[in-house]
Amino acid sequence: MASEYREPTYGNWRKPVSPGIGRLGLAGTLILMSGLIVITMVATVSVKLALIGIVVLGLVMLPLVIQDRNGRTALQAITARISWWWGRSQGWHLYRSGPLSVVSRGSYRLPGLLAMSRLVEGRDSHGRPFALVVIPSTKHYTVVFECNADGAALVDQTQIDAWVANWGHWLASLGYEPGCVAASATIETAPDLGHRLREEVYANSDPNAPDLARAALEEIVWNYPVGSARISTRIAVTFAALPHPGGKRRDQDAMVREIGMRIPGLIAGLEMTGAGSARPMTADQLARSVRSAYDPSAQSDMETGDEPARWEDAGPVAAQESWDHYVHASGYSITWGMAEAPRGEVLSSVMRGLVSPHQDVARKRVTFLYRPHDPGSAARIVERDRRDSRFRLDGATNAARNELDVIKSDQSAHEEARGAGVTRFTILVTATVHSADQLPVAAAAVDTLAAPARLRLRRMYGSQASAFAAALPLGIVLPDHLQVPTMVRESL
């Protein structure tokens, strides 16, 4: 007799922890222990100086102990606020392009982290054209695939489970790709203006068709797109410049050839994940999609224009970053980052509401950022996390949660030993509207969608421009752009 089918659940996402006393972590614990040693030595000479040292040490440790509900320490919050004030005083929050710009030299280049980016074109081993986004500061090369995702409607749950499993296998396989440093999956919802439907209908219409049939098609063309949304799925894979056997890094032409040979294999793996027919995006397609993201009012021109779009003109005419939102050409956006992954176990449909269109958000972009580890570093990471979780268990006041962390770290180590991949990930959510008055409504809508997804999102205060760029499928690896080392909390 066949057993009853049970839908699988997913979970055991872990934040890397460091050994330390309470909330201090390794760095805070070292500071505390060093301070106590110095105070002890000073106390042998002067008790008064030792008391002063205790007060000073307490003031130093206070910002490291105080944390908000998202796990950020007071020191991190103060550092972010000071950095924002300094950048604003220097005018770094403003961007102007075009003929009167002193930065873009007459063009409409992308702002911020993408200012020095460029596109190079090549052909893969099957002869298909593709474009690479090159970030010179990090020497990263990103290929972007556009997918026609099948969706889960009218699909058996067993097939959905197979897609999810194959997606996990595809992510794990990236750890074996030489030079692969990151990947992302972006699901974007935007208004459907009906241009593609109109072109398809007109291109396949018979001029000798009956009047009634032509009238019915004409009515469909003009009425069907009203109030509908278009969902785009794009996968980006980022490679670092690979070294030659002699040690020198490969040049741009060599990277184009190297990545071009890997594209068919990456696409073959994606087609097993429910992504549908995937194909690499060309330079014209990438420039049009980025231009529409920065300037939503240009979407109609980008979909109907015949002239090739230029990467140098894909940026906004003007942009201004505020503490809690970002204004770019005709769009007003807010970007959130994942503060905590879903606790416990979830089903495969947990993100369905978050990635679906919403009537209160004109354009919504949900980006899953991944950083796969190769098998060697993955083993070191899970073993180190296992030791750190056990260290925090000894003498801990929050024993129940720390005991659960030990169980989870042991499970992660066992799964990695059996061949599972280890991937750091986070989620960025960007909501774009057409006016500042619509921002509160869009923010409330995203907060409402985050609850069923069991996500804890935090608005990216003081980093809206960088977060907006990172949410685009262009291969920005945020940790590689940090100038000041920070305590970055990510999920395994």
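**Helix 3**

Select residues 74-89, which form helix 3. This is a predicted model. The helix has 16 residues, and its first and last C-alpha atoms are 23 Å apart, close to the 22 Å expected at 1.5 Å a residue. Now show Gln76, Trp84 and Gly87, the buried residues of helix 3. They lie on the same side of helix 3, because they cover an arc of only 70° around the axis. Strand 8 (318-321) is included in what covers these buried residues. Turn to the face pointing away from the buried side: Trp85, Trp86 and Ser89 are exposed there.

**The whole chain**

Zoom out. There are 14 helices and 13 strands in the chain. Of its 492 residues, 43% are buried. Among contacts with a separation of 6 or more, 75% are between residues 24 or more positions apart.

**A nonpolar patch**

Select Ile31, Leu49, Ile52, Val56 and Val60, and switch to a surface view; together they make a nonpolar surface patch of about 420 Å². Which helix gives the patch its largest share? Helix 2 (residues 47-65) does, with four residues; leucine 49 lies in this helix.

**Helix 13**

Go to residues 439-450, helix 13. Its 12 residues should span 16 Å at 1.5 Å a residue, and the end C-alpha atoms are 17 Å apart, which agrees. Colour Leu439, Ala442, Ala443, Ala445, Val446, Leu449 and Ala450, which are buried. Their arc around the axis is only 160°, so they sit on the same side of helix 13. The cover over them includes strand 10 (331-340), helix 10 (352-355), strand 11 (363-372), strand 12 (423-433) and strand 13 (456-459). Pro440 and Thr448 are exposed on the face turned away from the buried side.

**Strand 5**

Select residues 180-191, strand 5, and find threonine 189 within it. Is threonine 189 buried or exposed? Its relative accessibility is 3%, so it counts as buried. Beyond its neighbours within four places in sequence, threonine 189 contacts Arg230, Ile231, Val355, Ser356, Pro357, Ala362, Arg363 and Lys364.

Next pick glutamate 188 and arginine 234, which form a salt bridge with their closest N and O atoms 3.4 Å apart. This pair links distant parts of the chain, with glutamate 188 in strand 5 and arginine 234 in strand 6 (residues 229-240), 46 residues apart. Both residues are buried.

**Other salt bridges**

The whole structure has 14 salt bridges. Show aspartate 124 and arginine 128, whose side chains meet in one of them at 2.9 Å, N to O. Aspartate 124 is buried at 6% relative accessible area, whereas arginine 128 is partly exposed at 26%.

Then select aspartate 284 and arginine 288, another salt bridge, also 2.9 Å from N to O. These two are four residues apart in helix 8 (residues 283-294), so about one helical turn separates them. Aspartate 284 is partly exposed at 25% relative accessibility, and arginine 288 is buried at 13%. To finish, select Glu146, Glu188, Arg234, Arg279, Arg363 and Arg365, which salt bridges with shared partners join into one network.

Note on methods
Residues are numbered from 1 along each chain as its sequence is written. This is a predicted model: local features need pLDDT of at least 70, side-chain atom pairs count only at pLDDT 80 or more; totals for chains, interfaces and linings use all residues. Side-chain values use heavy atoms; hydrogens and water are left out. Buried means under 20% relative accessible area, exposed over 50%, partly exposed in between (1.4 Å probe, protein chains only). Contact means heavy atoms within 4.5 Å. Patches are made of residues with over 30% relative accessible area and no salt bridge: like charges are joined within 9 Å, nonpolar side chains (Val, Leu, Ile, Met, Phe, Trp, Tyr) within 5 Å. Accessible areas come from the Shrake-Rupley method with a 1.4 Å probe; for residues, only the protein chains shown count as cover. A salt bridge is a side-chain nitrogen of Lys or Arg within 4 Å of a carboxyl oxygen of Asp or Glu. The expected span of a helix is 1.5 Å times one less than its number of residues. The arc is that of the directions from the helix axis to the C-beta atoms.
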